[in-house]
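Subject: Structure handover, with notes

Hello,

Here is the structure I promised to pass on.

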Amino acid sequence: MSATAGGRAFRLLLVHSVLTQVVTFVLRPMTAYRAVELDVPAAWLGALTASFAVVPLLLAVPSGQATDRFGERRVMLAGAVLFVLAAVVFATGRGGAAGLVVGSVVLGTGHLLSVVAQQAAVANSAGPGRFDTAFGHYTFAASLGQAAGPALITVLGGSGALPDSRPVFLAATVLAVVLLGVTAVLRTPARVSAGAAAEAGGMGALLRLPGLLRALTVSCVVLAAVDITLVYLPALGAERGLAAGAVGLLLTLRALASMTSRLLLGRLVRLAGRRRLMIGSVALSAVAMGAVAVPMPLPATSVLVLLLGLGLGVGQPLTMSWLAEVAPPGSRGRAMSLRLTGNRLGQVLLPSAVGLLAAGFGAAGVLWASAGALAAVGVAARRLAVDGHPGPQG
């Protein structure tokens, strides 16, 4: 594939990433609104939330194996078909609460297949020395889609307490069909030969890569910290009497700062080096998250949230680029699926753990505990060989 064709293919892959996240971040909130319309009991709401992640968590590693065996495009096609099916299930409204759960399982599986294949395609298409820039742009595109999804609900859903679900679900269905069309014309790197894939080894060989568990730990803690800010910044604001609009501004600032650091990731790595940037970004996140929990005026909190977003935005693409570099060709789908599995476990376990540790201290206690977890993985990152050589061992 020529450089020009490769550039076009990568841009189309970024469009694929944006569409994947837009459809997901339209359908997931809308399923909750539809459940409220149906007077679904609270227990069903919990099942609805879990259904998106539980089955895909079990399929994460097999999806990576399928990506390495059959190629990224085929797996993305399967994911896009599942997106269309899920959107149709939601748009038709059949099956009541059970239909919502089934649709969420299908949606979560389609999202998993698409994301694992996308990340493997980025890893296999980026040239030497381009991993950081490529994954920075890829995660920026994903963040853009995650921001555009809820905005689409605002535009199409009307001004009522419950958005009008029909036009939103129809729009999501159209976007899912567009996603399928984009996937059909997407060009991905040539598959690694069966012999080279066999030489790359299986999951055991990947797990024995030096520093892999440290990298996965950094990735899952950083992602869990992002989730914690989404829940506990509003809780902190409520405890301190901040207006909902002010809290919404803080969350927007965090998201925009993360997108900025991802867009500039390649330049930041060239300036500071991958290892220093990894350590510095995690340390910045830990300090900023701990300081945000301290009572102070809104302008000062806004500055801290900006710094928090800049730090949190780096961890995901940087661990992706490191994995792409150390994983042998033919095993990158499995490597990305391992990272995704660790992330999902972190999203489940870490918020629960810090919530228990900080019981009685309110939202501030949860943020302080999260800052402590970030500081701990920052220390672990010091020993991570992210620049091609191991960090200090003492």
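Start with helix α2, which gives the most to the lining of the largest cavity, with five residues. Helices here (H or I, at least four residues) and strands (E, at least two) are DSSP runs, numbered from the N terminus.

Some ground rules. This is a predicted model, where local features need pLDDT of at least 70, side-chain atom pairs count only at pLDDT 80 or more, and totals for chains, interfaces and linings use all residues. Residues are numbered from 1 along each chain as its sequence is written, and side-chain values use heavy atoms, with hydrogens and water left out.

**Cavities**

A cavity is a set of points, on a 1 Å grid over the protein atoms alone, where a 1.4 Å probe fits but cannot get out; lining residues have an atom within 4 Å of a point. Grid points are joined across faces, edges and corners, and a volume is the space filled by probe spheres set on the points. The count is two cavities of 30 Å³ or more.

The largest cavity has a volume of about 80 Å³. Its lining is Phe 52, Ala 53, Pro 56, Leu 57, Ala 60, Gly 108, His 111, Leu 112, Leu 340 and Arg 344.

Arg 34, Leu 38, Val 89, Phe 90, Gly 93, Arg 94, Gly 96, Gly 99 and Leu 100 line the second largest cavity. Here α3 (72–92) and α4 each supply at least two residues. α4 gives the most, with three.

**Salt bridges**

Side chains of opposite charge can pair when their charged atoms come close. A salt bridge here is a side-chain nitrogen of Lys or Arg within 4 Å of a carboxyl oxygen of Asp or Glu. The whole structure has four salt bridges.

Arg 34, from the lining of the second largest cavity, meets Glu 37 in one of them (3.4 Å, N to O). Both lie in helix α1 (residues 3–37), three residues apart, about one turn of the helix. Arg 34 is buried, at 12% relative accessible area. Glu 37 is partly exposed, at 36%. The cut-offs: buried is under 20% relative accessible area, exposed is over 50%, and partly exposed is in between (1.4 Å probe, protein chains only).

Arg 334 bridges to Asp 68, with the closest N and O atoms 2.8 Å apart. This pair links distant parts of the chain: Arg 334 is in α14 and Asp 68 in α2, 266 residues apart. Arg 334 and Asp 68 are both buried.

Glu 325 and Arg 274 form another salt bridge, the closest N and O atoms being 3.2 Å apart. Glu 325 is in helix α13 (residues 298–326) and Arg 274 in helix α12 (residues 274–292), 51 residues apart. Glu 325 is partly exposed at 38%, whereas Arg 274 is buried at 6%. Asp 132, Arg 274 and Glu 325 are linked in a network of salt bridges.

**Aromatic pairs**

Rings of Phe, Tyr and Trp (its six-membered ring) pair if their centres lie within 6.5 Å; planes under 30 degrees apart count as stacked, over 60 as edge-to-face and the rest as tilted. There are two aromatic pairs.

Phe 90 and Phe 169 are stacked, because their ring centres are 5.8 Å apart and their planes at 20°. Phe 90 lies in α3 and Phe 169 in helix α6 (residues 165–185), so the pair ties together parts 79 residues apart in sequence. Phe 90 and Phe 169 are both buried.

Phe 135 and Tyr 138 are edge-to-face, 6.5 Å centre to centre with 90° between the planes. They sit three residues apart in helix α5 (residues 131–156), about one helical turn. Phe 135 is buried at 0%, and Tyr 138 is buried at 2%.

**Helix α15**

α15 (residues 362–381) has 20 residues and should span 28 Å at 1.5 Å a residue; its end C-alpha atoms are 29 Å apart, which agrees. The expected span is 1.5 Å times one less than the number of residues. Buried residues in α15 include Leu 367, Leu 374 and Val 377.

Best wishes

Note on methods. 1 Å grid on protein atoms, 1.4 Å probe; cavity = no way out; pocket = protein on both sides within 12 Å on 5 of 7 lines; lining within 4 Å.
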